[in-house]
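Colleague: Before I use these labels, I would like to hear what each one rests on.

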Amino acid sequence: MSQLVARAHAKINLALAVTAIREDGYHELRSVFLRLALHDRLEAELDPASDADHLEVDGEHVATDDDLVLRAARQLRMAVDPSLPALRFTLHKRIPAAAGLGGGSSDAAAAIDLALSAWGVRLHPAERLGAAARIGADVPFFTAGHGASLIEGIGEHVTPLPAPDPPAGILLVTPAERLSTASVFAEYDRQPAQGALERVDEVASLMRDGVDGMTLAATTAMLKDANDLWPSALRLLPELAALRASMAETIGHAVLLTGSGPTLVAVYPSEAAATRAAVTLQSAATARLEGATIISTTTFGRAQEP
């Protein structure tokens, strides 16, 4: 059987509200996700001679959560047929790891698709989403395949939204020091902060009616503090405040935090505008940006959804 290939796209959160902490410790969220053109590349093939799945990883951003690919294969095999043959995966990383961009979760969603194809197995969409939810909170969004979505619960409720059309340009700045999602949520539990819910609903309503890149970029000033995890991320990584202030001053644009961070985001009317901003930041070469990864990309997805 020939090698199978999938793209695993990154995401950003335009706004994120923590709506509840459950008795089991999980956090319920309400958030607007956008899929990005930035992606990892995952390859898979059957490896019948082996008694276990195998993963090789290369690229600039080798991650600690790359085992989500293997976890996805294990979860799926247990749900379908434990006797299904082993798989060999090769992951080419381009999405910064531990950055709030969902790279590991997107890789896991891609692994689900490739494993099903390699095994010749079909699953009802609800079963695929169920398997995705057992792997991680962001995985159902990537499994559903929408360009934009309103995410609720612990990630299992995915409501599609129209993606920006024409697409929006996205500038990503990921500091050298990273934050684990678990550590940010643990810090949130020590000192909860809420207030982003209204902004989540406002941007979801705006997108539901359809937006282009220019309209979306114009709304980001109101989303500057629309992330309930910002205070927690800031307590763990205090230099984020100075980095965001320096970045905003240099590019003259509102700067958001995506997910649990630490990646900072600016939204532009077009990819060309985001690329110009990236060049401006790279040319500035301030001490705050030392070691940071600067990427310009664009939103990715169909505008006609839902």
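Modeller: What follows takes the labels one by one.

Modeller: This is a predicted model, in which local features need pLDDT of at least 70, side-chain atom pairs count only at pLDDT 80 or more, and totals for chains, interfaces and linings use all residues. Residues are numbered from 1 along each chain as its sequence is written, and side-chain values use heavy atoms, with hydrogens and water left out.

Colleague: Why is Pro 262 called buried?

Modeller: Buried means under 20% relative accessible area, exposed over 50%, partly exposed in between (1.4 Å probe, protein chains only). Pro 262 has 0%, so it is buried.

Colleague: What is Pro 262 in contact with, leaving aside its neighbours within four places in sequence?

Modeller: Contact means heavy atoms within 4.5 Å. The residues in contact with Pro 262 include Ala 98, Val 173, Arg 178 and Leu 257.

Colleague: What makes Lys 93 and Asp 107 a salt bridge?

Modeller: The term requires a side-chain nitrogen of Lys or Arg within 4 Å of a carboxyl oxygen of Asp or Glu. For Lys 93 and Asp 107 the closest N and O atoms are 3.1 Å apart, so the pair meets that rule. Lys 93 lies in strand β4 and Asp 107 in helix α2, 14 residues apart; helices (H or I, at least four residues) and strands (E, at least two) are DSSP runs, numbered from the N terminus.

Colleague: Are Lys 93 and Asp 107 buried or exposed?

Modeller: Lys 93 has a relative accessible area of 3%, so it is buried. Asp 107, with 1%, is buried.

Colleague: Why does Arg 235 count as partly exposed?

Modeller: Its relative accessible area is 30%. Its salt-bridge partner is Glu 187, at 2.7 Å between the closest N and O atoms; Glu 187 has 11% and therefore counts as buried.
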